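This report goes through a two-chain model, chain by chain and then across the contact. The sequence and structure are shown first.

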Amino acid sequence: MYAYDELDRTLINERVSEFRDQVKRRLSGELTEDEFKMLRLQNGVYLQLHAYMLRVAIPYGTLSSKQLRRLAHVARRYDRGYGHFTTRQNIQFNWIKLAELPDALADLAEVGIHAMQTSGNNTRNVTSDQWAGVAPGEIEDPRIWSELLRQYTTLHPEFSFLPRKFKFAITASAHDRAAIKVHDIGLRLHKNAEGETGFEVLVGGGLGRTPFIGKTIKPFVPGRDLLSYVEAILRVYNQYGRRDNIYKARIKILVHELGIEKFAQEVEQEWLATRDSALTLDDAVVEEIRSRFTYPAYEKLPHMPDELKKAAHDPDFETWRKNSVAPHKVPGYAIVTLSLKPVGGPPGDATADQMDAVADLADKYSFGEIRVGHEQNLALPHVARRDLPVLWRALDKVGLATPNVNLVTDIIACPGLDYCSLANARSIPIAQELTRRFANHDTANLIGRLHVNISGCINACGHHHVGHIGILGVEKNGEEFYQITIGGRADEHAAVGTLIGPAVPYGEVADVVEDIVEAYLALRERPDELFIDAVKRLGVEPFRERVYATR
Amino acid sequence: MPLVKNGKIATDTFVRVADDDPLPGDGAILISAARFLEDTEAVSRRLGKTGVIWPNNRDVDDLVPYLDRLAAVALVFPTFRDGRAYSQARLLRERHGYRGELRATGQVLRDQFMFMLRAGFDAFEVKKESDAVAFTSTAKRYSVFYQPTGDGRVTALHRRMQQRHSESAGR
């Protein structure tokens, strides 16, 4: 955990008091809605279909139990008793009243949580691997750098009015769980030949209506130069990014229009003028941030304790363990994913009671720490393997032990037309129907790893482009239709999915997904050839044939 | 439109001269970049200070050779959502060492003051009277800053390092 100091606390309190003043000026009419809009967006406040929505940042996906309890409190006190975890390590509250927003933010500020820059045309919440600091084989904990970037990007005097939003993601593992290739800047921590730690910097990735996979702009930027290099990229973008057309304003379009070589030259030239500046991170500064991350005092524990041997006789436990428990870098410990995708539920939602329960379980079994992943699930990052059986029973009681992590029902979905004013079509009911179709765990397990991503409009908040199966809601003559893509992925082999054919009406989406899955089961070479690998080998044609033969 | 300079509402001593109007023989003037660049010598021969209104879509590099002759540079925020002039301001101050008046013009609202101060602006053509009146209190709203800029405000990282040093020295 990163511990806020007095300076961090002061800053978010100052931000809350500024926002309180802005809300007051809006309510009195001193600020027009046009003026207020940008100000509220910079504090994570959207105006949705039915109410204001507050998006709260969970930087690099790390929460303490105290912070999670406070999120539960906000859900209860200011909302309708639940929150929605998003694909970018944020939580959204959908029913907040404008006049109460400053109080909600003040309550959150007390535990070091803020909503700064969770929307608007600025640098957004810096995201990272939800297993950071605990995954085996990691270069080092990427959250140190994430926190440095969080501070650097917060209320930046030069980059708070960019052409468009700007998102960072960082990973330090060979397997990318942070989707860095679909971010405006993606950072991969690695060591160069001299053993020095630095970053491969990718730029210009993004989804939305024009999806691009990020391109490497520089294979190695030493850690000490990270901020100056990022500043050079942002400065080039701030000056030359398009502002004439909102749909062409992301950095990916600038990179695409200039070409990566030309863009890289511009950045390099800018960087050479700034690299040796106050932005240089000398070792002492990095150490100062590192020293405020605390790590659990792990015990020396057996890998195969008696509790686990005994529980292995319970097939339900074993199903869950095989699905939701991942190896930890410390022997005797495990990382446990808590699925927020129950059968028939909206993906990513958690009730206030569930949040409180998870906070209690984190205190008991995970050194008081919780993680949030971009797949809209939670994780307990430091669970002693001997505690797995008792944790499983406790999770099951509160509906958080659905053994479907990474399976077809572990669906990523945006809020869609049920909440969002931008949406063309519903997302949540499609997800709910799919979880019912594939409710049988044995079937889902037989299918294996399969990511279904659903967006209710072209803005792609449900990351449909990078779903193994992507579902995009569109509107045709006043009706909801859905385009289906396959073959997308968000990991280190990131790719944009391919459209399989004409859009299908709302009522047929679940049937189409079933057809695709059946085609896969019939076509796969062997049981462990994953869906995504089969699509790569076969192309979309056999799937297209299967889906449209009878339509 | 009130002008705030050095933290106070002030009288604007610069007169804006349109491109097709004759230049007055003396007195401080603010003219467009196009007019200035058309004949920099003629402008410089005048008695009286020169200020240039520099558009936000033109590289400040083109202005750099003349900076020592200028008493003011006015940068433009066509809307408060357009942040290009923040980069121009920092480049002028921090890279090119410009020390004259740096004026924010266009849609300049209270909620941008802090960003503008940090970017190096020291004069503000403020859109609303009430915002101009609130300048001093708004400028004091924040006491913690994460980024180093040329404004000299000490960053949080730096303050922490200083604290560390004084703690270890006291031990």
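Among contacts in chain A between residues at least 6 apart in sequence, what percentage join residues at least 24 apart? The share is 68%, where two residues are in contact if their C-beta atoms, placed from the backbone, lie within 7 Å.

The model is predicted: local features need pLDDT of at least 70, side-chain atom pairs count only at pLDDT 80 or more, and totals for chains, interfaces and linings use all residues. Residues are numbered from 1 along each chain as its sequence is written, while chains are lettered from A and ligands numbered from 1 in the order in which they are written. For the complex, the predictor gives an ipTM of 0.97 and a pTM of 0.96. Chain B has a mean pLDDT (the predictor's confidence in each residue, from 0 to 100) of 95, and 99% of its residues reach 70 or more.

| Chain | Box |
|---|---|
| Chain A | roughly 60 × 60 × 55 Å |
| Chain B | roughly 70 × 35 × 30 Å |

**Chain A**

Chain A contains 18 helices and 21 strands; helices (H or I, at least four residues) and strands (E, at least two) are DSSP runs, numbered from the N terminus. Of the 551 residues in chain A, 57% are buried. A residue is buried if 20 or more other C-beta atoms lie within 10 Å of its own, exposed if 12 or fewer, and partly exposed in between, with C-beta atoms placed from the backbone.

Helix α16 (residues 509-523) of chain A holds Ala519(A). Ala519(A) is buried because 20 other C-beta atoms lie within 10 Å. Leaving aside neighbours within four places in sequence, Ala519(A) has contacts with Pro542(A), Phe543(A) and Arg546(A). Phe543(A) is 24 residues from Ala519(A) in sequence, yet the C-alpha to C-alpha distance is 6.3 Å.

In α2(A), the residues Glu35(A), Met38(A), Leu39(A) and Arg40(A) are buried. The buried residues of this helix pack against α1 and β1 (45-47) of chain A.

**Chain B**

Chain B has seven helices and eight strands, and 37% of its 171 residues count as buried. Among its contacts between residues at least 6 apart in sequence, 46% join residues at least 24 apart.

An open sheet of eight strands in chain B runs in the order β2-β1-β8-β7-β6-β5-β4-β3, with mixed pairing; two strands pair if DSSP finds at least two bridges between them. At the edges stand β2 (8-10) and β3 (15-16) of chain B, each with a single partner strand, so one side of each has no neighbour in the sheet. Helix α3 (residues 84-95) of chain B packs on the sheet and touches β5, β6 (72-77) and β7 (101-106) of chain B. The direction of α3(B) makes about 160 degrees with that of β6(B); axes are lines fitted to C-alpha atoms, for helices over the stretch in contact, and angles run from 0 to 180 degrees between N-to-C directions. Strands β4 (residues 29-32) and β5 (residues 50-54) of chain B pair in the parallel sense over four bridges. Within this pair, Ile29(B) has Thr50(B) in β5(B) as its bridge partner.

**The contact between the chains**

Chain A gives 31 residues to the contact and chain B gives 29 residues. On the side of chain A, the elements that give two or more residues are α1 (6-27), α2 (33-41), α5 (143-153), α6 (226-240) and α9 (283-290). The largest share, six residues, comes from α1(A).
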